[in-house]
Amino acid sequence: MPIEIPKDKWLGSIRTVTIGATSAEGGTRAKTVTVGGGTTMPYLHFKAPTPNKPAIAIEIKSRKPTDWSPLLAEVWGEAMADPAQWAKKAEEAGADLIVLALTVEDSPEDAVKAVKSVLGATGLPLIVWGPGQAEKDNELLVPVSEATKGEKLVLGICEDKNYRTIVATAMANGHLVQARAPMDVNLSKQLNILISDMGMPKDRILMDPTTGALGYGMEYGYSVMERLRLAALQGDAMTQFPMIVTPGFEAWKTKEAKVGEGVPEAWGDWKARAVNWETLTALALVESGADILVLRHPESVKRVKDTIEELITA
Amino acid sequence: MALSGIQIYKLLPQTNCKECGFPTCLAFAMKLAAKQVELGACPYVSEASKKQLAESAAPPIRLVTLKADGSEVKVGNEVVMYRHEKTFYNKPGLFLRVRASDPDLAKKVAQADAYKVNYVGMDFTLNGYAIEADGDLASAVKAVREVTKRPLILISNDAAALDSSLSLLAGETALIYAASESNYESLAEVAKKHKAVLAVKADTLDALADLTQKIQAKGAEDMVLDLGGKNLGDWLMRSTQVRRLALKNFRPLGYPVIFFAAQNGVEKEAVYAAHAIAKYAGFVVIDTFAPEMIYPLLVLRENLYTDPQKPIQVQPGVYEINSPKPESPVLVTTNFSITYFAVANEVEGSGLPAWLVVTDAEGMSVLTAWAAGKFDAERIAKAIKGFNVADKVSRKRLVLPGHVAVLSGEVEEELPGWEVRVGPREAVDLPAFMKQALN
């Protein structure tokens, strides 16, 4: 007996967004990355194929981080002290994009130098984050934006308390922005509206719904992402942006990933557990509609990429 | 699909006799639709209506319970596609597959059975074992039953072996894996005889729906579905389609789903299991007993099956972070789990010792709780006194969250002898605050 499969009828779809520009397009990237375009809940190919698969970004820093897990220091080694080398290794590890996180210690000159060195070392499109303090973000991102005009970088992270300067410089120099709101559908929407109202073209916005790590509030982010995706499919224009999420940052903050000694035996092997923590956090976000996942460990990158490949080739 | 009040009203006598305790049949129907009364309260409802109402009240996904002497696992009875629409109710059972031919079978099960991990005050374990009959099934069942009291799944195509093995499990409800087109008649007989749950397997959903109906006709009611599928994407579509059809009251597929996580290799097992947990599986069978995989899977399951309307709360109390000493500071926060985690993580990451007092703010964050009057000077003082914090410290130094700086005067009044300090608003700034302001 043939069964009739119930299909949703959606009016809306996720916007398609391209990051990076090749020399023909006014930049220097060897390739660009296009995400979004989805017309169904994630990977439901009985309705429609997935037009662009989620991309994996690897997060590197402009200076050797002092607070990262020794497990990460172990895999990246000396490269952590040099963003150019680190970016190269990240590309070898399978990254589609690089996230370069600047630090509070950087001067504007340092920041520009770090960004340029990464652009020189790899042909991948680049996302640049300020250190996360409003004044410092603006101080560093504006010169970076100007020095890389036309590269179609993603600049971030815009939040409701500090977005104007970043959006303005991104608009002026042909870049994109990452808009982060704290795990709330309406706050996400509101920030997207504010940024659009400044005149930022809608195909140059990525939204970051904020997600906790597995065991640390991940389920809030998970449901917010599902709700944003559903709202987008229902036709709400201000939720139709591709989503960028940071499971690497979230997972590697947890005690489960960070700490190897003095933890319960029932947590099992440290390294395998830490990588599982990052991979499973990322996997859950893939299920709930992530378009770009920012990771830290090469093994998670491989596993998440393999998973995405399976999900889109059903 | 549940009937509306109006639809129910049409099935009632419509005499407004009031014997049910409601003024009209319509009022009673509305209460029935809201599931606030039982149909039995109406003395005059016809048998035909009763039957129709009972059918509409049956859950779209059958509740299946595996039972052993010591514990049980309930799955099914789900009502939504996405957890925010209501909640996911019955957590999928996590089962470990073992082999009847394994000489270390009992030892392996005993080791796995002792596994217990604590997550925010809750103890999690595996839910049971799946025995692969690649050796003598009955003796394997005996050996396993001696070391665990958890429910079992028996994996075999041999009806006779299943029959004799199930006889060893009197009073239990086990799961038989799996009936297919070629053997369903004999397996359905065995399942019926032993009141076992029967897993059903077919290559397509069409074939699967046909098969469950044939098995039901044989008198076996409790089934679970193996959806097949060549990879994660294929399985996701099948699982989504089955959930959708079931929620539209398509009975032939209204059963929980079983998923084998190592089907495409043990290196993919963790991801496969996580995928199944997120996307509607009722039973997830793993092949590897690895705490570093089982712990995150159990946490994932807990997270996704948490009622989104009721945030996870942390047990109020005094939490020791980085082995605090009597001179270490006392930090105060609320028992909303995300708030607790944010604070505890930052303090832990700083390496600085502290006593973290978690007050009962009914699971609200600091600002929300303060606005709702669940986190005020009185409650903070009550927690400090109730948990005998003064006995633990030599220096009575209390740090309030920056968002409730306004409470500091009142807290000083409520807690004479305590030095009350105002900390940062955000947890992320705590390490710097502790380093600079508390030394």
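This is a predicted model: local features need pLDDT of at least 70, side-chain atom pairs count only at pLDDT 80 or more; totals for chains, interfaces and linings use all residues.
Biologist: How do you know what span α6(A) should have?
Modeller: The expected span is 1.5 Å times one less than the number of residues, so the 13 residues of α6 (residues 185–197) of chain A should span 18 Å, and the end C-alpha atoms, 18 Å apart, agree with this.

Biologist: Which residues of α6(A) are called buried, and why?
Modeller: They are Val185(A), Ser188(A), Leu191(A), Asn192(A) and Ile195(A), because a residue is buried if 20 or more other C-beta atoms, placed from the backbone, lie within 10 Å of its own, exposed if 12 or fewer, and partly exposed in between. Their directions from the helix axis to the C-beta atoms define the arc, and the buried residues of α6(A) fall within an arc of 135 degrees, so they line one face of the helix. On the other side of α6(A), Asn186(A), Ile193(A) and Asp197(A) are exposed. The cover over the buried residues includes β6 (154–158), α5 (164–172), β7 (176–180), β8 (205–208) and α7 of chain A.

Biologist: What makes the buried residues of α8(B) belong to the same side?
Modeller: In α8(B), Leu205(B), Leu208(B), Ala209(B), Leu211(B), Thr212(B) and Ile215(B) are buried. They cover an arc of only 165 degrees around the axis, which puts them on the same side of α8(B). Among the elements covering them are β8 (175–179), α7 (184–194) and α9 (232–247) of chain B. After α8(B) comes Gly219(B), whose phi is positive, near 100 degrees.

Biologist: What makes the largest nonpolar core a core?
Modeller: A nonpolar core is a set of buried Ala, Val, Leu, Ile, Met, Phe, Trp, Tyr and Cys residues joined through C-beta atoms within 7 Å, and the largest such set has 230 residues, with Ile98(A), Val177(A), Ile131(B), Ile176(B) and Leu198(B) making the most contacts inside it. This core draws at least three residues from each of domain 2 (64–304) and domain 3 (317–437) of chain B, with domain bounds that come from an automatic or database assignment. Apart from it lies another core, of nine residues, among them Leu12(B), Cys20(B), Ala29(B) and Leu32(B).

Biologist: How many residues does each chain bring to the contact between them, and what are those of chain A?
Modeller: Two residues are in contact if their C-beta atoms, placed from the backbone, lie within 7 Å, and the contact takes 42 residues from chain A and 45 residues from chain B. On the side of chain A that touches chain B, α7 (218–233), α10 (270–287) and α11 (298–312) each supply at least two residues, and the largest share, nine residues, comes from α10(A). Counting Ala, Val, Leu, Ile, Met, Phe, Trp, Tyr, Cys and Pro as nonpolar, Asp, Glu, Lys and Arg as charged, and the others, Gly among them, as polar, the residues of that side divide into 22 nonpolar, 10 polar and 10 charged.

Key. Residues are numbered from 1 along each chain as its sequence is written. Chains are lettered from A and ligands numbered from 1 in the order in which they are written. Helices (H or I, at least four residues) and strands (E, at least two) are DSSP runs, numbered from the N terminus.
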